[in-house]
Amino acid sequence: MSHSAVSQAAAVSVSIGNERSLTRSVFKLCPVTFLEICLLDFLIASEFDLKPSFACVVSIFILQQNNSISFNTKPWSSSLALTQKTSTIRDAKRYSNTTICMSVQQASSSKVNVSPVELEDPTDPPLNLYKPKDSYTAKIVSVERVVGPKAPGETCHIVIDHDGNLPYWEGQSYGVIPPGENPKKPGAPHNVRLYSIASTRYGDFFDGKTASLCVRRAVYYDPETGKEDPSKNGVCSNFLCDSKPGDKIQITGPSGKVMLLPENDPNATHIMIATGTGVAPYRGYLRRLFMENVPNYKFGGLAWLFLGVANTDSLLYDDEFSKYLKDHPDHFRFDKALSREEKNKKGGKMYVQDKIEEYSDEIFKLLDNGAHIYFCGLKGMMPGIQDTLKRVAEERGESWDAKLSQLRKNKQWHVEVY
């Protein structure tokens, strides 16, 4: 589901047990075209696995509010977002003689209200509430492929229902214990795999009960035959990407403090550098800064995201980031490095460090003025970035080692690679 910045929420609450009579009454009230109804009816029925007649009711209501809608990352329109307020909307059994509540909200500069606001109260982040020997049993809400057909590999956005029992802060990680036995330790469970959380503490539904992960499916191909070897595929990533709504999942954590978003200065500058799924924590940051109406925190600084991926089809959460760029041009910048589609100034592939070099003077000035800089992604990204920063520093007549030491001392330097 696409979660754009929203305002003017209008809620509809419908009892499915009386769907036929309700359909007739709504038809009388909603002057929309038959083609619009049919198109949106099909989208809602297929997306949420609803009965066609009820999907039609929701379709008409939405069209009455505004003549367009946005589902998932499909660009039907960026002007509306349909926010699901139930924990597992695809589980049909949960909708027998029950009430579904949805909100239809028009995108604007206004933000989404969040709850419970008590999540803002703690002064310290929650840490290791659940450990490997005493993990928390959560439930899968949804698994959605979030890259296009031309992307190398598959990346999924996975929403997990923790029912408010596993709170976290933006920039932290969950541990996931995949089912089955550890092949290296017969009789023992698999080791914990850490994943950066890709949502704010309020989750994708803004109610503090879910967390989201951004997971790339790890697939191994034999270098000699070129064929996939399932026995060597990533156990946890494949478990997560293959999960279905309602499946149970064992969670540990939350863990991590190095990537927490400093909020003592609401006018600070945050430079975020990621490759691939390393964008996960930044999605959480940016939703908090630009999408959510967070009590007692109004961001007035600059958030600058650099994202390196293979090609356009590999871009993650591009619809959300583009929306922030449109709505908050004075507070958000977004630069992409598409290695298989763009060339750097030397004619080679465009990597994220090349984008950093393009803006190096500006970045160094921002760092000198107290900006925070974050790195998240594969370990292999750091040597190239470090070399680039060192070369730029030397060209400016500075010692990179001394500068890096000062950045660390000032707690401006944040790195989480895997």
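Keep in mind that the model is predicted. Most residues other than glycine have a negative phi, and most peptide bonds are trans. With that in mind, have a look at the spots below.

**Cis peptide bonds**
- S115 and P116 are linked by a cis peptide bond, with omega at about -5°.
- You'll find P116 in the loop between β4 (112-113) and β5 (136-145).
- Another cis bond runs from G253 to P254, and its omega is near 0°.
- P254 sits in a strand, namely β10 (residues 248-255).

**Positive phi angles**
- F206 isn't a glycine, yet its phi is positive, near 65°.
- Look for F206 in the loop between β8 (193-196) and β9 (210-216).
- F206 has a relative accessible area of 4%, so it counts as buried, because buried means under 20%.
- Y317 is another non-glycine residue with a positive phi, this time about 60°.
- Y317 belongs to the loop between β13 (302-309) and α6 (318-327).
- Relative accessibility is 6% for Y317, so this residue is buried too.

**A positive patch on the surface**
- R216, R340, K343 and K349 come together on the surface as a patch of positive charge.
- One of them, K343, lies in the loop between β14 (332-338) and α7 (352-358).
- K343 counts as exposed because its relative accessibility is 58%, and exposed means over 50%.

Key:
Residues numbered from 1 in each chain as written. Predicted model: local features only at pLDDT ≥ 70, side-chain atom pairs only at ≥ 80, totals over all residues. Heavy atoms only, no water. Patch = residues over 30% accessible without salt bridge, like charges linked within 9 Å, V, L, I, M, F, W, Y side chains within 5 Å. Areas by Shrake-Rupley, 256 points an atom, 1.4 Å probe, with all protein chains shown as cover. Salt bridge = Lys/Arg side-chain N within 4 Å of Asp/Glu carboxyl O. Lys, Arg positive; Asp, Glu negative; His and termini not counted. Charge placed at Lys NZ, Arg CZ, Asp CG, Glu CD. Helix = DSSP H or I, 4+ residues; strand = E, 2+ residues; numbered from the N terminus. Buried < 20%, exposed > 50% of the residue type's maximum accessible area, 1.4 Å probe, protein only.
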